[in-house]
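Work through these exercises with the structure in view. Try each task before you read its solution.

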Amino acid sequence: MATVLIELTNRCNLNCRHCFDQRHGGDDEIRPPILEKVIRHAGDHGFDTIVFTGGEPTLHRSFPQIVRDVYAAGYRFGFVSNGQNFLTVYPQIRPFLDRLETITFSLDGATPDSHARLRGDGTFTNLMKAISVCVAKDL
């Protein structure tokens with residue numbers, strides 16, 4: 001499996017302590033022509049999987065459409081997420097799960113308190129809900 005990793009956006013819905021200089025506090029997104037070119041040509045160079053990161057990639061204004069485009073182009077896909085809006089994203093990606101390669105959730109502690117010290121109050125519970133959906137749906 002050869003994978004292309006694409007930072008879709010540097011926007012994030014958290015303000016983590018370990019994020020240097022608010023790196024993910026911007027509002028930039030990958031320009032559509034660049035993304036379209038990668039999707040169109042990655043397979044020509046031996047890539048079969050596209051994984052999205054960010055900031056929080058699920059915050060990209062076109063995230064559901066991007067997943068559809070990647071799927072239509074025949075790629076497997078995945079994404080790295082803090083899980084905070086996964087319950088909203090899941091129904092949007094559900095039709096494409098047969099090519100979902102990976103979801104990597106950012107977990108920064110084994111308890112709500114240890115995770116919250118880096119990610120913020122309430123984030124552990126939201127993340128556990130996201131993980132529970134994945135377990136229940138056998139993802």
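**Exercise 1: The sheet**

Task: In which order do the strands of the open sheet stand, and is their pairing parallel or antiparallel?

Solution. Keep in mind that this is a predicted model. Start with the order: the open sheet has 4 strands, arranged β1-β2-β3-β4. Then check the pairing: it is parallel. Next, look at the edges. β1 and β4 stand there with a single partner strand each, so one side of each has no neighbour in the sheet. Neighbouring strands are turned by 20° against each other on average, direction ignored.

**Exercise 2: β1 and its surroundings**

Task: How many bridges join β1 to β2, and which residue is the bridge partner of T9 in β2?

Solution. Count the bridges: 6 join these two parallel strands. Now find T9; its bridge partner in β2 is G54. α1 lies across β1 and β2, and runs at about 165° to β1.

**Exercise 3: The core**

Task: Which residues have the most contacts inside the largest nonpolar core, and which element gives the most to this core?

Solution. First, the size: the largest nonpolar core has 30 residues. F52 and F86 have the most contacts inside it. Next, the contributors. Elements that each supply at least two residues include β1 (3-9), β2 (49-54), β3 (76-81) and β4 (100-105). α2 gives the most, with 5 residues. Finally, zoom in on F52. Leaving out residues up to four places away in sequence, F52 touches, among others, I6, L8, L35, F63 and V80.

Methods
Residues are numbered from 1 along each chain as its sequence is written. This is a predicted model: local features need pLDDT of at least 70, side-chain atom pairs count only at pLDDT 80 or more; totals for chains, interfaces and linings use all residues. Side-chain values use heavy atoms; hydrogens and water are left out. A nonpolar core is a set of buried Ala, Val, Leu, Ile, Met, Phe, Trp, Tyr and Cys residues joined through side-chain atoms within 4.5 Å. Buried means under 20% relative accessible area, exposed over 50%, partly exposed in between (1.4 Å probe, protein chains only). Contact means heavy atoms within 4.5 Å. Two strands pair if DSSP finds at least two bridges between them. Axes are lines fitted to C-alpha atoms, for helices over the stretch in contact, and angles run from 0 to 180 degrees between N-to-C directions.
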